[in-house]
Amino acid sequence: MKKLKIEYHKAKCIGAFNCTNIAPEQFKEEDGIRANLINAKEEKEYQTKIVECDEESAKLIIEAAEKCPANVINVIDIITKEKVVDTTVKVKESIREIKAVYDDLNEFVLDEKGYFLIRIVPEKKMIEVGFCGKRNIVEVKVYGTKPIEIYQTIIREKIIDRSDHAAYLGRELQKAYTALQLGIPYVQDDELDFSKNYRGE
Ligand code: SF4
């Protein structure tokens, strides 16, 4: 028999639902956004619960916590006092520290596959991305409202190969999204201009 304490930082859940799939006896999907720890106590930002269970169920609880991509589930063995799954991030005593540098002139490499044209459509709260395999010819249009759904679609559809190009796309999409939220113009490759209130509020 095992006795485990589950501490779940619900507010930080990103709704990937690994926990509900792996340990449905403990975690339940709540309104499609977050998981809920079933029959839990509310303790500040955490939901907590003590579970007495057999080895098999304990393994599932531990696996659910380990596979949480948001790293928001602690599991403590009440008998041994061991933190079986610990969400605390620790830093090794000697770590490599690297100052970030980038020389656009010498390091930029053009993606031979093609390039992206990005624009926002404020009336629809939409971001549109056109992919050009050849100069000035849009071959694919991907549209959506959130950066993550657009770049994940582009990666899934294998429209992009280079990791530096994907990083560029992510940065531009986040800028476009921010511009849409704030009602300011978005011009690809330009910095956002936060100095004016374009909504006139
Ligand atoms: S696995 Fe983590 S992020 Fe995913 S639903 Fe469960 S708690 Fe939330």
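## Overall shape

A compact globule of 201 residues would come out with a radius of gyration near 17 Å, but this chain has 23 Å. That radius is taken over C-alpha atoms, and the globule rule is 2.2 Å times the number of residues to the power 0.38. Along the principal axes, the C-alpha atoms fill a box of roughly 65 × 45 × 35 Å.

Before going further, bear in mind that this is a predicted model: local features need pLDDT of at least 70, side-chain atom pairs count only at pLDDT 80 or more, and totals for chains, interfaces and linings use all residues. Residues are numbered from 1 along each chain as its sequence is written, and side-chain values use heavy atoms, with hydrogens and water left out.

## Fold, contacts and surface

The chain has five helices and ten strands. Both are DSSP runs numbered from the N terminus: helices are H or I with at least four residues, strands are E with at least two. Take the contacts (heavy atoms within 4.5 Å) between residues at least 6 apart in sequence: 44% of them join residues at least 24 apart.

Buried residues make up 35% of the 201 in the chain. Here buried means under 20% relative accessible area, exposed means over 50%, and partly exposed is in between (1.4 Å probe, protein chains only). The chain exposes about 13900 Å², and carbon and sulfur atoms supply 51% of that. These areas come from the Shrake-Rupley method with a 1.4 Å probe; for residues, only the protein chains shown count as cover.

## Charges and salt bridges

There are 33 positive and 37 negative charges, and their mean positions are 2 Å apart. Lys and Arg count as positive, Asp and Glu as negative, while His and the chain ends are not counted. Each charge is placed at NZ of Lys, CZ of Arg, CG of Asp or CD of Glu.

If you call a salt bridge whenever a side-chain nitrogen of Lys or Arg is within 4 Å of a carboxyl oxygen of Asp or Glu, you get 14 of them. One of these joins the side chains of Asp 77 and Lys 2 (3.6 Å, N to O). Asp 77 lies in strand S6 (residues 73-77) and Lys 2 in strand S1 (residues 2-9), so the pair ties together parts that are 75 residues apart in sequence. Asp 77 is buried at 5% relative accessibility, whereas Lys 2 is partly exposed at 25%.

Lys 67 and Glu 63 also meet through their side chains in a salt bridge (3.0 Å, N to O). Lys 67 is partly exposed at 47% relative accessibility, and Glu 63 is partly exposed at 27%. Another salt bridge pairs Glu 128 with Arg 119 (2.8 Å, N to O); Glu 128 is buried, with a relative accessible area of 12%. Lys 83, Asp 86 and Lys 90 are linked in a salt-bridge network.

## Two residues to look up

Find His 165 in helix H5 (residues 163-182). His 165 is buried, with a relative accessible area of 11%. Leaving aside neighbours within four places in sequence, His 165 is in contact with Asp 111, Gly 114, Tyr 115, Phe 116 and Ile 160.

Ala 11 sits in the loop between S1 and helix H1 (18-22). With a relative accessible area of 52%, Ala 11 is exposed. Ala 11 and Tyr 46 are 35 residues apart in sequence and 8.0 Å apart in space, C-alpha to C-alpha.
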